[in-house]
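This report goes through the spaces, the cores and a few individual residues of one protein structure. Please keep the sequence and the 3D view at hand while reading.

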Amino acid sequence: MNKRRVVVTGLGVLAPNGNSVTEYWDALVAGKSGIGPITYFDSENLTVKIAGELSNFNPEDHFDRKEVRKLDPFTIYALVTAQEAISQAGLDQGGVDLEKVGVILGTGVGGIQTLEEQHSVFSFRGQRRVSPYFVPKMIANIAAGQIAIKHGFQGPNHIIISACASGTDGIGTAARTIQYGDADVVVTGGTEASITGLCISGFANIKALSTRNDDPRAASRPFDADRDGFVLGEGSASIILEEAKHANARGANILAELAGYGPTDDAFHITQPAEGGLGAIRAMRNALKDANLNLEDVDYINAHGTSTPFNDKTESAAIISLFGEHAQKLKVSSTKSMTGHSLGASGALEAAACVQAIQHNILPPTINYTTPDPECTLNYVPNIAQETDVNVTMSNSFGFGGHNGVIVIKRWNE
């Protein structure tokens, strides 16, 4: 039996450097960072005072005030980006079987803002003052559920949680769902609203975050010798995946093909990648096998590239080990240099960047790359976007717990 082909027909983005697909892509190409001082809460007593917050985003531009009170920001972000993607794909024009439209998203920490807020209410004011909306605002599955309720999508509906691989695993799981025939269309991607004092403190206390508070835009510097940790970000990206014949039948504009997916686990350590990136190597190899592509077919890798010492050198070693001679021809960049690390949303934001790279034949750069690291020896598209033919892209995501998710996105050919 021939495997059903899966294509991308819509994108939606909220990122620290852009509140739409167009704004986000233009910022990436321009090397524009969205990282700055934390404004959501008083960070004076924290060791880390910077993050990749959304800029000029007001939920009340999209929902009435009463509705906003019932939604955690991670759900708001997902609803907004899903609407942009659905509109681009033309799914709101009718003509689709709603029973065959699913929603499968990734998130790392779900409604953490609501959880922290209501725990404080309970601790200081007691049970009676806890919001009746607490549970349906906080639970991680609710973002997918809310999208389904708003649009009437009655197909498979899940949230995937695999730490920083969540968005990529959500996309891969959505593709498999279409290939298996359980859906013809899936709204997928990832969403995260994790910039809180507790999250910052937790990551800071395991020495994972950059403390370059005096120069926020230069703090995220993947693969640079002077990197000192990642910058916490937030946001959402929604991607419409669709069975190719279904997309063609309704005249959809196909942006790219989701050709392969490779999930693995290191089974090694709760936070550190396996020595030599063995789990990452297997995930990349499996994704290419699933896509029926060879190593030399890959033009570009959007790296996990967090700007932590361990991740960047291990990921570089894994790419070199797997790709061999072709590794020196590959272009590899980390858009986290501009957005920070949005945990469960990061893989989705980076998948959207891969689709745009194919659409425009432009590779987004790794900014803040000033001092080469002798342990990171690939072409990281330093500081300035590059125009080149882009036909096959790979996006890597690796998460605490040893989770590895890799997807292959390629130019669509009938």
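## The second largest pocket

About 300 Å³ of space lies in the second largest pocket, and because the model is a predicted one, this and the other values below are computed from predicted coordinates. Of the 19 residues that line the second largest pocket, Pro16, Asn17, Gly34, Glu53 and Ser55 are the closest to its centre.

At least two residues of this lining come from each of α1 (21-30) and β2 (36-37). By class, the lining of the second largest pocket divides into six nonpolar, nine polar and four charged residues.

## The largest pocket

The largest pocket holds about 670 Å³ of space. Its lining is made up of 36 residues, and those that lie nearest the centre are Thr271, Gln272, Pro273, Thr308 and Phe400. In terms of class, 16 residues of this lining are nonpolar, 17 are polar and three are charged.

Which elements each supply at least two residues of the lining of the largest pocket? They are the helix α11 (309-323) and the strands β13 (392-399) and β14 (403-410), and α11 gives the most to this lining, with five residues.

## The enclosed cavity

The structure holds one cavity of 30 Å³ or more, and the space in the largest cavity comes to about 30 Å³. Its lining consists of Gly172, Ala175, Arg176, Gln179, Leu258, Ala259, Gly260, Tyr261 and Asp290, with α7 (166-180) and β8 (256-265) each supplying at least two of the lining residues. Four of the residues around this cavity are nonpolar, three are polar and two are charged.

## Two nonpolar cores

The largest nonpolar core has 42 residues, and those with the most contacts inside it are Leu11, Val13, Tyr24, Ile171, Leu241, Leu258 and Ile409. At least two residues of this core come from each of the strands β1 (6-14), β7 (235-243), β8, β11 (362-363) and β14, and from each of the helices α1, α7 and α13 (346-360); α13 gives the most, with nine residues.

## Helix α4

Helix α4 (residues 112-125) has 14 residues and reaches 19 Å from its first C-alpha to its last, which is close to the 20 Å expected at 1.5 Å a residue. Within α4, the residues Ile112, Thr114, Gln118 and Val121 are buried, and what covers the buried residues of this helix includes α5 (134-138) and α8 (197-205). An α-helix has 3.6 residues a turn, so residues three or four places apart point the same way.

Just after α4 comes glycine 126, which takes a positive phi of about 90°.

Arginine 411 is found in the segment after β14. Is this residue buried, exposed or partly exposed? Arginine 411 counts as partly exposed because its relative accessible area is 25%, a value between the 20% and 50% cut-offs. Apart from neighbours within four places in sequence, arginine 411 is in contact with Ile358, Asn361, Val390 and Asn391. Arginine 411 and leucine 258 are 153 residues apart in sequence, and in space they are 9.0 Å apart, C-alpha to C-alpha.

Alanine 163, in the loop between β5 (157-160) and α7, has a phi near 55°, a positive value in a residue other than glycine. Alanine 267, in the loop between β8 and α10 (278-291), likewise has a positive phi, of about 50°, although it is not a glycine.

How values were computed:
Residues numbered from 1 in each chain as written. Predicted model: local features only at pLDDT ≥ 70, side-chain atom pairs only at ≥ 80, totals over all residues. Heavy atoms only, no water. 1 Å grid on protein atoms, 1.4 Å probe; cavity = no way out; pocket = protein on both sides within 12 Å on 5 of 7 lines; lining within 4 Å. Points joined across faces, edges and corners; volume = space filled by probe spheres on them. Helix = DSSP H or I, 4+ residues; strand = E, 2+ residues; numbered from the N terminus. Nonpolar A, V, L, I, M, F, W, Y, C, P; charged D, E, K, R; others polar. Core = buried A, V, L, I, M, F, W, Y, C linked by side-chain atoms within 4.5 Å. Buried < 20%, exposed > 50% of the residue type's maximum accessible area, 1.4 Å probe, protein only. Expected span 1.5 Å × (residues − 1). Contact = heavy atoms within 4.5 Å.
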